[in-house]
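Please open the structure in a viewer and keep the selection panel at hand.

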Amino acid sequence: VKYVYDFTEGNKDLKDLLGGKGANLAEMTNLGLPVPPGFTITTEACKVYLDSGEEPAALRDEVSAHLAALEEQMGKKLGQPDNPLLVSVRSGAKFSMPGMMDTVLNIGLSDKSVQGLAEQAGDARFAWDSYRRLIQMFGKTVLGVDGELFEDALEAAKAAKKVTVDTELEAADLKKLVTRFKKIVRTEAGRDFPQEPREQMDLAVKAVFDSWNGDRAKLYRRQERIPGDLGTAVNVCSMVFGNLGPDSGTGVAFTRDPASGHQGVYGDYLQNAQGEDVVAGIRNTVPLAELEQIDKKSYDQLMQIMETLENHYKDLCDIEFTIERGQLWMLQTRVGKRTAGAAFRIATQLVDQGLIDETEALQRVTGAQLAQLMFPRFDEAAKVEKVGRGIAASPGAAVGKAVFDSYTAVKWSRSGEKVILVRRETNPDDLDGMIAAEGILTSRGGKTSHAAVVARGMGKTCVCGAEELEVDTKRRRMTVPGGHVVEEGDVISIDGSSGKVYLGEVPVVPSPVVEYFEGRMHAGADDADELVEAVHRIMAFADRKRRLRVRANADNAEDALRARRFGAQGIGLCRTEHMFLGDRREQVERLILADTQEEREESLKQLLPLQKKDFVELFEAMDGLPVTVRLLDPPLHEFLPDITELSVRVALAESRQESHENDLRLLQAVHRLHEQNPMLGLRGVRLGLVIPGLFTMQVRAIAEAAAERRNAKGDPRAEIMIPLVGTVQELEIVREEADQVIAEVEAATGVELKLAIGTMIELPRAALTAGQIAEAAEFFSFGTNDLTQTVWGFSRDDVEASFFTAYLEKGIFGVSPFETIDRDGVGSLVKAAAEAGRRTRPDLKLGVCGEHGGDPESVHFFHEVGLDYVSCSPFRIPVARLEAGRAAT
Ligand code: ADP
Ligand code: MG
Ligand code: MG
């Protein structure tokens, strides 16, 4: 195997091997862009090292060979005393992990070569500045020295000189600082800062490998569901210097606005600076547009390169560049992260520019992004107290109690509080707090600051760089203009779409995307929102592509109508138990308590017209579309009062010698119906078989409602669904009774009904005998919630609170199987049952209801196994439509 690739040897498709950074450095090199020469050590080498604790034997020689070639090309040797070649050692995994892995710049500097560099550059200040940076970065990331010690020493040096920014320190000051830094290294790391250049490089490479398993990297991977065994590549890149004076500098840029998608000049530039200075916010950056005044030639070249990159990657790119004495160098590019709104806009913009087609556009957006765009926003009309404005870094409307450190954010959010993490700026140590918070607010840093980048990646609301806010993390408070003090625990609201910060809780309103789906805002109108326009077009692409139909889970006409507006093609699950609540509860109680056949029939007779009315409304709302009505499913005790409450009531009445006959009967019934495992108890089809007349009453209500709609010239398409079937015999018995009732209603009304009868597949036995069950079922609807529960043997009402966190932490699964279908277990059962069912009955209709129907990854699975539709809650319908379209591309 080959462990080292020169930048000229790779390309952008080798991300697995070279990491994202290395692959794109190679791509830029081969595009003829000005990239400082260098080479990449592969992820394979990293994996060997992580597995065995040793670098692969061949690696050292390969690195030597590539280093020699680089030295030859550059005409100087690594760390050469009179004219040193310097390099950066940069991590770069397949997926970008902002700030997770650390880069060391200026490798090759030593007590000797710093002199040589000073002479070569004719600038001693620059040389000592580079050296102190090396010791600082190397000390922190390679030798594990607390970075604050260096920061403090730097602050002290500035204070001693009475200056505020690092550029005001002179060569002599920096030289002293180097001595100080070396002392810090010696005390803290118990060794001297290595003077041997190759040793510096080798140690840095190893440190990059090790950082793959750092806590922060692991946490980030878990969050982002990045596999833990990919490893990172290491890039060794010859240094170019942005800290060589005012005609040098470093910057970051986007080829278009990552928030709106608009084309233009977006980025930040910092003169006389190196590496992270731009994003670390040590000095104030200038907008990229100002570079035109500072260095027109480099600016024009940069614009040209940005255009080349967009046309080449056919997408928004972000870049890092450095200007060394008027010479532009490209240090990084990648397809840039963007907000959810920008993703939709950019996708349609690129289609209009002819760079991508509809199918590709669908790959550029996700259901998760769409879901994010459907979040509510702050009500602009509300009376609010705006206290600051920062940069709109990541959209959303977040309200919560202000907390000033990550620890408190985590602690409070665990106890159910909503918090906003307020920091001057964030760094990787704040990650847990950022995850726990509703939103993130910083007073420093721009669109490319750590807070902004990470929040965008997590889809979390973020306002950064709100400079009027004085954040004092030590005293846990923030002072807003005018002097008002926000203490820890005070509620604030932040708007990640506008950058505004408010005191107190601001009320929220629906997003324009929801208004659009609701039909209250129209695409194509003159004043239409650009975002709505883009969403409208992408949804049309998805609807054209998808094979899966999308239905809604809805129990009443109101939900049904909303679902229809959101694009539902029917109802996949109408839960009739919701029709047994409220003031009907009394009737249901009577039914449960009935001692005689007459009593039972009487209460069923009372319930019939109520049920029928519900169905008439529902069929009307869904006229012309299928409506799958599930017969009663939950255990009956759910309709009775709580056992403890009732016992207390009975005991009280007894002590007061009041009459309590009814309560006593109720209590007996509750005891009679009490089950240890109600979810595995008397429910679903079992109710229909044990309680005479219950299911037939429901079937009659459905049939009569359908007949009534038909007589009113409507087009009802009811389907009757039997829950929790485990064997075809259960279904046959219920079916026979149902068919008889339907025939009676047809005879009485003179309407031919053609009601389909089918079943849920939600028990392993049902799935395993699906071929037999299909004999008696015209459709299957996979109840993947119960199926997951019964296949895993997990109680879904308990596990999330009890041991799932431990399971997730141990990596037993990356995501709860109740959220995303477990392909290998539950999924394979679904697939097999679908196939067996279709063998028996080729026109068997197949669907899925339950949480998974609206989950992006699960939708792709259901598409793959050939189901006809997914059913999900009304608000998830657009997401399911989009993902069904994406699955079909
Ligand atoms: P990250 O992944 O955190 O962005 P990078 O490896 O890109 O880390 O490097 C950190 C900073 O150092 C970036 O600003 C980058 O542009 C700069 N940098 C990296 N290598 C060099 C180099 N060879 N010359 C000059 N600047 C460099
Ligand atoms: Mg970078
Ligand atoms: Mg169920």
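## A loop residue to begin with

Select Lys 713, which lies in the loop between helix H27 (694–711) and strand E27 (717–722). The model is a predicted one. Is Lys 713 buried or exposed? Lys 713 is exposed, because it has 7 other C-beta atoms within 10 Å, and the cut-off for an exposed residue is 12 or fewer. Inspect the backbone as well: phi of Lys 713 is near 65 degrees, a positive value in a residue other than glycine.

Now select Asn 106, which is placed in strand E4 (residues 104–107). The phi angle of Asn 106 is near 65 degrees, again a positive value in a residue other than glycine. As for its surroundings, Asn 106 counts as buried because it has 28 C-beta neighbours inside 10 Å.

## The whole chain

The chain contains 36 helices and 31 strands. Along the principal axes, its C-alpha atoms fill a box of roughly 105 × 65 × 60 Å. Of the 889 residues in the chain, 51% are buried. Among contacts between residues at least 6 apart in sequence, 67% join residues at least 24 apart.

Next, colour the chain by domain, using these ranges from the domain assignment:

- domain 1: 4–238
- domain 2: 249–335
- domain 3: 340–371 + 512–535
- domain 4: 377–509
- domain 5: 546–635 + 675–887

## Ligand 1 and its shell

Select ligand 1 and show the residues around it. Which residues come nearest to ligand 1? Of the 16 residues around the ligand, these are Ser 88, Arg 90, Thr 103, Gly 275 and Glu 320. By class, the shell consists of 6 nonpolar, 7 polar and 3 charged residues.

With the domain colours still on, note that domain 1 (4–238) and domain 2 (249–335) each contribute at least three residues to the shell around ligand 1. Then highlight strand E3 (87–93), strand E5 (232–238), strand E9 (317–324) and strand E10 (327–335), each of which supplies at least two residues of this shell.

## A pair of helices

Select helix H21 (residues 557–565) and helix H23 (residues 597–621). Their axes come within 9 Å and cross at roughly 10 degrees. The two helices are therefore roughly parallel to each other, since angles under 35 degrees are counted in that way. Show side chains where they meet: Ala 557, Ala 560 and Leu 561 in H21 face Glu 617, Leu 618 and Ala 621 in H23 as contact residues. This contact has 5 nonpolar, no polar and 1 charged residues.

## Two further loops

Move to Ala 776, in the loop between helix H30 (770–773) and strand E29 (779–783). Ala 776 counts as buried because 22 C-beta neighbours lie inside 10 Å. Leaving out residues up to four places away in sequence, Ala 776 touches Val 728, Leu 731, Glu 732 and Arg 735. Draw a distance from Ala 776 to Gln 729: the two are 47 residues apart along the chain, and their C-alpha atoms are separated by 8.9 Å.

Finally, select Val 480, in the loop between strand E19 (477–479) and strand E20 (485–487). Val 480 is partly exposed, because 19 other C-beta atoms lie within 10 Å, whereas a buried residue requires 20 or more. Beyond its neighbours within four places in sequence, Val 480 is in contact with Val 387, Gly 388, Leu 469 and Val 486.

Notes: Residues are numbered from 1 along each chain as its sequence is written. Chains are lettered from A and ligands numbered from 1 in the order in which they are written. This is a predicted model: local features need pLDDT of at least 70, side-chain atom pairs count only at pLDDT 80 or more; totals for chains, interfaces and linings use all residues. A residue is near a molecule or strand if its C-beta atom, placed from the backbone, lies within 6 Å of it. Helices (H or I, at least four residues) and strands (E, at least two) are DSSP runs, numbered from the N terminus. Ala, Val, Leu, Ile, Met, Phe, Trp, Tyr, Cys and Pro count as nonpolar, Asp, Glu, Lys and Arg as charged, and the others, Gly among them, as polar. Domain bounds come from an automatic or database domain assignment. Axes are lines fitted to C-alpha atoms, for helices over the stretch in contact, and angles run from 0 to 180 degrees between N-to-C directions. Angles under 35 degrees count as roughly parallel, over 145 as roughly antiparallel, 65 to 115 as roughly perpendicular and the rest as oblique. Two residues are in contact if their C-beta atoms, placed from the backbone, lie within 7 Å.
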